[in-house]
Amino acid sequence: MLKDRLRDLDENIRQNAVHAVFEIGKRSIEKLTPELIAEVELRLRDKKNTIRAEALNALSTLYTTALAKQIEEEDTTKKGKGSSKSKKSNIIIGSAKLHKALMDIPSKIIACYASLHEPDDRYILDFFAKR
């Protein structure tokens, strides 16, 4: 249902839906789905600037929340295992698909920016992406 609201014709409903995803993610990021994140990513290309800004804010906050949770869990794992120098563990938030969707947020934001701006900007972004 929330997914349908993200595609509603009324801009206020779309904006409220993006904000709802943001609130759900802040409270419990595991309750999000990769499909829901993908729908919010589509709002980065919305015709209304307020919705694009809301989507950018929501996605960047979801990413930082997921990253902070991953770092916290890695620290907890390291403390639990003592000071052994074993391989780095792969902490996954929720399902593997959700984890991938969350970790792909920065590249989706950059790709959206690149598609909306001048070709010269795309060359600069390509240069940094290859590094």
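Colleague: How many helices and how many strands does the secondary structure of the protein chain come to?

Modeller: In this predicted model, the protein chain comes to 7 helices and 0 strands, and, read along the sequence, it follows the pattern α-α-α-α-α-α-α.

Colleague: What is the mean pLDDT of the protein chain, and what share of its residues reach 70 or more?

Modeller: The mean pLDDT is 84, and 79% of the residues reach 70 or more. Over residues 83-89, however, the pLDDT is below 50, and beyond near neighbours in sequence this stretch has 3 contacts in the model.

Colleague: Why are α3 and α5 called roughly parallel to each other?

Modeller: Two packed helices are described by the angle between their axes and the distance between the axes. Helix α3, residues 34-42, and helix α5, residues 96-103, pack at an angle of about 20°, with their axes 9 Å apart. Angles under 35 degrees count as roughly parallel, and α3 and α5 are therefore given that description. Their crossing is left-handed.

Colleague: Which residues in α3 meet which residues in α5?

Modeller: From α3 the residues are P34, I37 and E41, and these meet K97, L98, A101 and L102 in α5. By class, this contact of α3 with α5 has 5 nonpolar, no polar and 2 charged residues.

Colleague: What makes E30 partly exposed?

Modeller: E30 has a relative accessible area of 34%; buried means under 20% and exposed means over 50%, with partly exposed in between, so E30 is called partly exposed.

Colleague: Where is E30 found, and which residues does E30 touch, not counting residues up to four places away in sequence?

Modeller: E30 is found in the loop between α2, residues 11-27, and α3. With residues up to four places away in sequence left aside, E30 touches K69, I93, G94 and L98. One of these, G94, is 64 residues from E30 in sequence, while the two are 5.0 Å apart in space, C-alpha to C-alpha.

Colleague: Why is E35 called partly exposed?

Modeller: E35, which is found in helix α3, has a relative accessible area of 44%, and because this value lies between the 20% and 50% cut-offs, E35 is partly exposed. E35 and K3 are 32 residues apart in sequence and 8.1 Å apart in space, C-alpha to C-alpha.

Colleague: What percentage of the residues in the protein chain is buried, and what share of the contacts with a separation of 6 or more comes from residues 24 or more positions apart?

Modeller: Buried residues make up 28% of the 131 residues, and residues 24 or more positions apart account for 61% of those contacts.

Conventions. Residues numbered from 1 in each chain as written. Predicted model: local features only at pLDDT ≥ 70, side-chain atom pairs only at ≥ 80, totals over all residues. Heavy atoms only, no water. pLDDT = per-residue confidence, 0-100. Contact = heavy atoms within 4.5 Å. Axes fitted to C-alpha atoms, helices over the stretch in contact; angles between N-to-C directions. Helix = DSSP H or I, 4+ residues; strand = E, 2+ residues; numbered from the N terminus. Parallel < 35°, antiparallel > 145°, perpendicular 65-115°, else oblique. Left-handed = near helix turned anticlockwise from the far one by under 90°. Nonpolar A, V, L, I, M, F, W, Y, C, P; charged D, E, K, R; others polar. Buried < 20%, exposed > 50% of the residue type's maximum accessible area, 1.4 Å probe, protein only.
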